[in-house]
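Here's a quick briefing to go with the structure below. Have a look at the fold first, then read on.

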Amino acid sequence: MTKVGIIIFPGSNCDKDLGEGLVATGFDVEYIWHKNTELPNNLDLIAIPGGFSFGDYLRCGAIAAKSPITEVVLKFAKEGGYLLGICNGFQVLCESGLLPGALVGNVGLKFICRQESFLVENSDSIFTSNYHPGQEINLPIAHHDGNYIADAETISELEDNGRVVFKYLENPNGSINNIAGILSKNKRVLGMMPHPERAVDKIHASNDGRNLFSSLLESFK
Amino acid sequence: MKVRVHVMPKDGLLDPQGEAINIALVNMGFAEVKNVKQGKVIELELEEEDKIVVKNRVEEMCQKLLANSVIESFQVEVI
């Protein structure tokens with residue numbers, strides 16, 4: 001079975017939703033507390049869920065990026081491991097330096113919690129192969145600091161190399177180029193602000209998150 | 001020894017909080033306000049009395065945790 005390790009920091013609050021979504025897709029899930037210094041064996045993927053790790057103190061994701069487990073997760077990713085960071089998980093990945101740029105306060109200074117429309121910019125990744133390029137999808141967002149910024153050189157590097165995976169159709173937070181999700185250079189690490197795990201069940205407002213999880217599952221078969 | 005770290009949004013970076021304060025001040029009649037930037041101040045107390053050692057250590061703390069060099073600049077003040 002394809003096994004996902006979900007990292008839990010104090011203040012993570014989407015870990016169970018993510019786990020349920022992954023199990024419903026057919027993954028085996030193991031939860032990993034942030035103080036662990038070792039990963040379970042045979043993980044195919046590590047996921048860092050949304051939430052407010054360490055109360056968002058200092059900067060969102062900054063303290064989690066220095067947690068004991070994060071060092072091991074970074075090593076896993078640097079050795080070619082697959083990694084998914086959602087919302088606060090995306091912030092942790094930027095703060096740890098694994099993904100470029102930073103996520104700062106929304107331009108409207110408000111926490112935004114609602115359905116948004118996104119464009120799938122790149123469907124040629126293990127995370128997005130079940131979407132088609134240019135597909136419009138609906139996923140919920142729930143963040144105060146989702147305003148993606150990076151220097152012009154980094155933005156062109158991301159755009160020119162297919163590393164921008166999701167874009168907002170209507171920019172809710174001020175992100176440069178409407179960027180909502182980016183890949184690492186080796187395309188094995190995805191950071192995204194929207195919550196696919198809140199768009200998988202029949203009671204959810206949309207089911208467009210399912211394709212992300214099914215893309216992943218199929219890629220490991 | 002006590003140290004004060006000033007962390008500020010980098011020049012040219014959009015600072016929505018500073019902007020909101022700016023608008024509020026102008027609306028209150030402080031029309032001369034041209035620009036506001038909001039940062040943060042972090043005070044640390046260290047068990048070390050050598051000023052140079054302290055400054056170096058705190059700068060390392062800033063680079064590793066207290067400031068994010070993508071968006072922030074920092075200044076270390078020994079007090």
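Two strands pair if DSSP finds at least two bridges between them. Helices (H or I, at least four residues) and strands (E, at least two) are DSSP runs, numbered from the N terminus. This is a predicted model, where local features need pLDDT of at least 70, side-chain atom pairs count only at pLDDT 80 or more, and totals for chains, interfaces and linings use all residues. Residues are numbered from 1 along each chain as its sequence is written, while chains are lettered from A and ligands numbered from 1 in the order in which they are written.

**The sheet**
- In chain A, nine strands line up as an open sheet with mixed pairing, in the order β2-β1-β3-β4-β11-β10-β9-β6-β7.
- At the edges sit β2 (28–33) and β7 (136–143) of chain A, each pairing on one side only.
- Strands β4 (residues 82–86) and β11 (residues 189–192) of chain A run parallel and are joined by four bridges.
- A:L84 has A:L190 in β11(A) as its bridge partner.

**Chain A overall**
- Chain A counts five helices and 11 strands.
- Its C-alpha atoms fill a box of roughly 40 × 35 × 35 Å along the principal axes.

**Contacts with chain B**
- The contact takes 12 residues from chain A and eight from chain B, with two residues in contact if their C-beta atoms, placed from the backbone, lie within 7 Å.
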